[in-house]
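Please keep the sequence and the coordinates in view while reading.

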Amino acid sequence: MATSVRATSGGSPPPVAPPPSSPGPRAHAAGRAGWRSTLYRWDLKAIPYVFVAPFFLTFAAFGLFPLIYTGWLSLNRVELGGTAEWRGLENYSSLATSEFFWNALANTFTIGVISTVPQLMMALGLAHLLNYKLRGRGFFRVAVLAPYATSIAAATLVFAQLFNTDYGLINTVLGWVGFDPVSWESSKWPSQIAISAIVTWRWTGYNALIYLAAMQAVPQDLYEAAALDGASRWRQFLSVTIPSIRPTILFTVIVSTIGATQLFGEPMIFGGSVGISGGSGNQYQTLSLLMYEKGWVTGALGQASAIAWVMLLLLLLIGAVQALVGRANRKKLGA
């Protein structure tokens, strides 16, 4: 009896802790949702950089590094196959006192002017004609682009034959009308005019199609309003077309100026054996030809690098001036 009472009246045994249980399905789902949210945020932030990374890597390898390395070479005396010797700004000071550099700079400027100005004016006129509903205008639009598709070597060789002093077609035609033969290869201005003719022939059609695309974006309402006011086709071209495509004209001026500053293939091939030196008297040697001659003919890579950086600074200066002119025109139009 006593045993039974102790068994029944005694305290209950201490509670036993349940065994640890694994996390439930809700916890797993919450963890997966958090991980997906983190991946999604990283995806939004990182994927754009992944897409643009190939461009920046390529630019850094083939654009930025050569630019910086050329700038470093321009501060050294470097010969082909030799080691670099620090010279500071000596290469730049030697350019400032070099008559060959100033001659090449003047030739680059004059060839650029007499090739760019007629080229853009003729391109503007061609675009204006092609903008009308001419019969077979699709054929003409393709035809004006054919010179641009022609290689520099082929075009320059053909023009070299045309401007040949002894048997060229140009001198033959001049002889028919009573003029003496012109020394297109050995005289300064005739040789620069001949080279400018090659550049003009190759790039006029290309710029004409750019102008044509801009003209087709001009609203027709402007032309209709000008016609109702009694404006002629010429007045519509001056008062409607030109102001409407002014940004495009500024763009072609910038691109043509850059191309003229870097002119290399046409004068080199036109001169033949003396093309690198810009003729027998350097009469049409450009900055690009002088840079090539300094770097790969005389082996002065430091001076060639200095010329390259001077060309870059000139392009930046020209671009800054044209940007200021464009900003002034936009403010004038806004006013």
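R202 and E266 are both buried, a term that here means under 20% relative accessible area, whereas exposed means over 50% and partly exposed lies in between, with a 1.4 Å probe and protein chains only. The model is a predicted one, in which local features need pLDDT of at least 70 and side-chain atom pairs count only at pLDDT 80 or more, while totals for chains, interfaces and linings use all residues. Residues are numbered from 1 along each chain as its sequence is written, and side-chain values use heavy atoms, with hydrogens and water left out.

The side chains of R202 and E266 form a salt bridge with an N to O distance of 3.8 Å; such a bridge requires a side-chain nitrogen of Lys or Arg within 4 Å of a carboxyl oxygen of Asp or Glu. Because R202 belongs to helix α9 (residues 188-216) and E266 to helix α13 (residues 265-271), the pair ties together parts that are 64 residues apart in sequence. Helices are DSSP runs of H or I with at least four residues, and strands are runs of E with at least two, numbered from the N terminus.

R202 also has T150 as a contact; beyond its neighbours within four places in sequence, T150 touches A155, W201 and R202, where contact means heavy atoms within 4.5 Å. The C-alpha atoms of T150 and R202 are separated by 7.7 Å, although the two residues are 52 residues apart along the chain. T150 itself is situated in the loop between α6 (146-149) and α7 (152-162), and its relative accessible area of 26% makes it partly exposed.

In the whole structure, 4 salt bridges are found. One of them joins E79 to R77, with the closest N and O atoms 3.7 Å apart. E79 is partly exposed at 31% relative accessibility, and R77 is likewise partly exposed, at 40%. Another pairs E85 with R87, the closest N and O atoms being 3.4 Å apart. Here E85 is partly exposed at 41% relative accessibility, and R87 is partly exposed at 28%.

Helix α4 (residues 99-130) comprises 32 residues and spans 46 Å from its first C-alpha to its last, close to the expected 46 Å; the expected span is 1.5 Å times one less than the number of residues. At the start of α4, a side-chain oxygen of S98 comes to within 3.4 Å of the backbone nitrogen of F100.

Methods: Polar contact = N/O pair within 3.5 Å; in protein donor to acceptor, adjacent residues only side chain to side chain.
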